[in-house]
Amino acid sequence: MNSNKPELEGAHEKLQNDLHELQNWATKWKMSFNVAKCKIMHIGYGNAKNEYSLNGQVLAETTEERDLGVLIDNELKFSRHIRGIVAKANRMIGLIKICLKQLKRKCS
């Protein structure tokens, strides 16, 4: 952990302990996590990029993730998400133009 940030001392251990507690809760209630779908995203500069595990399996690292339809990256930027929305809108506009041209031909 970064020694310049004393407020983060022990954060890795606390987070890993929380993951263990979550697994214990799931086991108690006869539930399970799909560890293959669980990922870790390291956010911020100077991040120690520690490994975390759930149910004895190391969680995969990701640099971007879609949650509730929103794509976000490890720099907390939405630029790729916005580009995707704009591209989809442009495709829709193109389809509307084609349909209007076809309609105009049929009505002429």
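Lys77 counts as partly exposed at 45% relative accessibility, a class that lies between buried (under 20% relative accessible area) and exposed (over 50%), judged with a 1.4 Å probe and protein chains only. The model is predicted, so that local features need pLDDT of at least 70 and side-chain atom pairs count only at pLDDT 80 or more, while totals for chains, interfaces and linings use all residues. Residues are numbered from 1 along each chain as its sequence is written, and side-chain values use heavy atoms, with hydrogens and water left out.

The side chain of Lys77 meets that of Glu75 in a salt bridge of 3.5 Å, N to O, the term being used for a side-chain nitrogen of Lys or Arg within 4 Å of a carboxyl oxygen of Asp or Glu. Glu75 is partly exposed, with a relative accessible area of 43%. Side chains of opposite charge can pair when their charged atoms come close. The structure holds three salt bridges, and another of them joins the side chains of Glu65 and Lys39 at 3.6 Å, N to O. Because Glu65 lies in strand S5 (residues 64-67) and Lys39 in strand S1 (residues 39-40), this pair ties together parts that are 26 residues apart in sequence; strands (E, at least two residues) and helices (H or I, at least four) are DSSP runs, numbered from the N terminus. Glu65 is partly exposed at 29% relative accessibility, and Lys39 is partly exposed at 42%.

The side chains of Glu64 and Arg80 also meet in a salt bridge, at 1.9 Å, N to O. Here Glu64 lies in strand S5 and Arg80 in helix H2, so the pair ties together parts that are 16 residues apart in sequence. Glu64 is partly exposed, with a relative accessible area of 26%, and Arg80 is partly exposed with 46%.

Glu64, Lys77 and Arg80 are also among the residues that line the largest cavity, together with Leu71, Ile72, Asp73, Ser79 and His81. A cavity is a set of points on a 1 Å grid over the protein atoms alone where a 1.4 Å probe fits but cannot get out, and lining residues have an atom within 4 Å of a point. The structure holds one cavity of 30 Å³ or more, and about 30 Å³ of space lies in the largest cavity, where grid points are joined across faces, edges and corners and the volume is the space filled by probe spheres set on the points. Strand S6 (70-73) and helix H2 (79-107) each supply at least two residues of this lining.

Between S6 and H2 runs a loop that holds Leu76, a residue that is not a glycine and yet has a positive phi of about 60°. Most residues other than glycine have a negative phi. Leu76 counts as partly exposed at 48% relative accessibility. Asn55, in the loop between strand S2 (53-54) and strand S3 (57-58), likewise has a positive phi, of about 55°, although it is not a glycine.

Elsewhere, Asp18 has its place in helix H1 (residues 11-28) and counts as partly exposed at 48% relative accessibility. Asp18 and Leu54 are 36 residues apart in sequence and 9.9 Å apart in space, C-alpha to C-alpha. Finally, Leu100 is found in helix H2 and counts as exposed at 52% relative accessibility.

Conventions: 1 Å grid on protein atoms, 1.4 Å probe; cavity = no way out; pocket = protein on both sides within 12 Å on 5 of 7 lines; lining within 4 Å.
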